[in-house]
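This report covers salt bridges and nonpolar packing in one model. The sequence and structure come first.

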Amino acid sequence: MPTMKPRVRLAAVGAAFALAAATPVAAYAALDDPPAAAPSDAVGRGKPYVETRLFFGTERPDGGPPVTEKQFLAFVDRRITPRFPAGLTIHDGRGQWRDQNGTIERERSYEVVLLYPASEAGTQDPRIERIRTAYERQFAQESVARADAPAQVDF
């Protein structure tokens, strides 16, 4: 501001200060709240596992009848339970995805959650891929989605 007259410079600085003082800064709110901490008894609990979630659609791209609950549960009994006899979880869902033709498909779906020790990931991977392939073939599906994440698990 060297080209301004002292009086104008003082007015400009005063206006900037007044504007800054009148404007709340969101960062201050964060300073007032201490960060959330994990409960101390949960730290280090459990063993390293992998959580694999598989997403099974029920609509058939070939126009056939949707996969029924009875058919899906029979598939679980025949194809998934023998590979994961220690347990699994099934969630009912509603999903959507864009098929290979660009159409958004909305359908009833199932999510299967598998937990297994991280040390077994190498042996479980081909088993999981066989489950996906079997469902795709048996029910004329384009895909069975898969999501893997590390987890700390305690039973």
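## Salt bridges and core

Six salt bridges are counted in this predicted model, a salt bridge being a side-chain nitrogen of Lys or Arg within 4 Å of a carboxyl oxygen of Asp or Glu. Residues are numbered from 1 along each chain as its sequence is written. Since the model is predicted, local features need pLDDT of at least 70 and side-chain atom pairs count only at pLDDT 80 or more, while totals for chains, interfaces and linings use all residues; side-chain values use heavy atoms, with hydrogens and water left out.

Salt bridges link Asp 125, Glu 129, Arg 132, Arg 146 and Asp 148 in a network.

| Salt bridge | N to O distance |
|---|---|
| Arg 132 and Glu 129 | 3.0 Å |
| Arg 146 and Asp 148 | 2.9 Å |
| Glu 129 and Arg 146 | 2.6 Å |

Helices (H or I, at least four residues) and strands (E, at least two) are DSSP runs, numbered from the N terminus. Arg 132 and Glu 129 are separated by about one helical turn because they lie three residues apart in helix α4.

Buried means under 20% relative accessible area, exposed over 50%, and partly exposed in between (1.4 Å probe, protein chains only). Arg 132 is buried at 17%. Glu 129 is partly exposed at 29%, as are Arg 146 at 22% and Asp 148 at 44%.

The largest nonpolar core has 19 residues. Such a core is a set of buried Ala, Val, Leu, Ile, Met, Phe, Trp, Tyr and Cys residues joined through side-chain atoms within 4.5 Å. Phe 56, Phe 72, Phe 75, Ile 80, Leu 114 and Tyr 135 have the most contacts inside this core. Two or more of its residues come from each of β1 (47–57), α3 (69–80), β3 (104–117) and α4 (121–138).

Leaving aside neighbours within four places in sequence, Phe 56 is in contact (heavy atoms within 4.5 Å) with residues including Phe 72, Phe 75, Ile 80, Arg 108, Ile 131, Tyr 135 and Val 144.
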